[in-house]
Amino acid sequence: MPTITKEISASERDGYQNGTTVVNSSSTVFIRWDGIQDVLFIFDDLSELQGATVTSAKLRLHATGIKLGAKLRVQNSASAPDIIATPGDITGRSYGSVVSWPVTSISSNSYNESPNISALVQAVIDAYPTTVDRIAIYLDEDSDEETNVTVKMFDNGSNVPQLSLTYTGGSGGESKKKQAELKPKRVKRIERPSGFISKGIIT
């Protein structure tokens, strides 16, 4: 059962929205109950999930601060487009159901893992079983005046947001191994020299 960890791979694949203003290039984002509340993380190069069954999916954020609470959703898209600095680009997208990240005291200056959101990721795989290659996770701050954290983003250069996935099947992992086992082996043809005698027959 493979477990992989994907990181944000480009500046425009993590960003936040403040009011309607979208910022798609940042080294950090200060998430606060009375400030920035909408953040999007887009993880790409995930074609191995096509047809897979995901058993665990967790958003991992390197943060400093006090507490974090949020609602997590996944965009209804096989290949979510990069974030653009157009008003409302993050909140205007279509997302699926919600998994709550209960208000929790964070481990400062280290990675903090969300609850398991495998059901949200699986819904996208099931909708796009042969084409999914990106997973976009929307974090909607929901802490009742308690969230106060600074999260490192791609432009920080290190400790960028991560998505940890455990799955079976798909175009990678166990299904690829099974496909290799089922693939017929090629038999090398042996050329016989002229004059070769086999069972009394000259070839």
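Trainee: How many salt bridges are there?
Mentor: This is a predicted model. The count comes to 11 salt bridges.

Trainee: Which side chain does Asp44 meet in a salt bridge?
Mentor: Asp44 pairs with Arg13, at 2.8 Å from N to O. They link distant parts of the chain, 31 residues apart. Asp44 sits in the loop between β5 and β6, and Arg13 in the loop between β1 and β2.

Trainee: Are Asp44 and Arg13 buried or exposed?
Mentor: Asp44 is buried, and so is Arg13. Both also belong to a salt-bridge network with Asp82 and Arg134.

Trainee: What about Glu113?
Mentor: The side chain of Glu113 meets that of Arg60 in a salt bridge of 3.2 Å, N to O. Glu113 lies in strand β9 and Arg60 in strand β6, so the pair ties together parts 53 residues apart in sequence.

Trainee: Why does Glu113 count as partly exposed?
Mentor: Because its relative accessibility is 41%.

Trainee: New topic. Why is strand β2 largely enclosed by the rest of the structure?
Mentor: Because four of its five residues, 14–18, are buried.

Trainee: Which strands does β2 pair with?
Mentor: One is β5, antiparallel, through four bridges. There, Gly15 has Leu40 as its bridge partner. Another is β3, also antiparallel, over three bridges. Gln17 is partnered with Val22 there.

Trainee: What sits between β2 and β3?
Mentor: Two residues, and the strands form a hairpin. Gly19 in the turn has a positive phi of about 70°.

Terms used: Residues numbered from 1 in each chain as written. Predicted model: local features only at pLDDT ≥ 70, side-chain atom pairs only at ≥ 80, totals over all residues. Heavy atoms only, no water. Buried < 20%, exposed > 50% of the residue type's maximum accessible area, 1.4 Å probe, protein only. Pairing = 2+ DSSP bridges. Salt bridge = Lys/Arg side-chain N within 4 Å of Asp/Glu carboxyl O.
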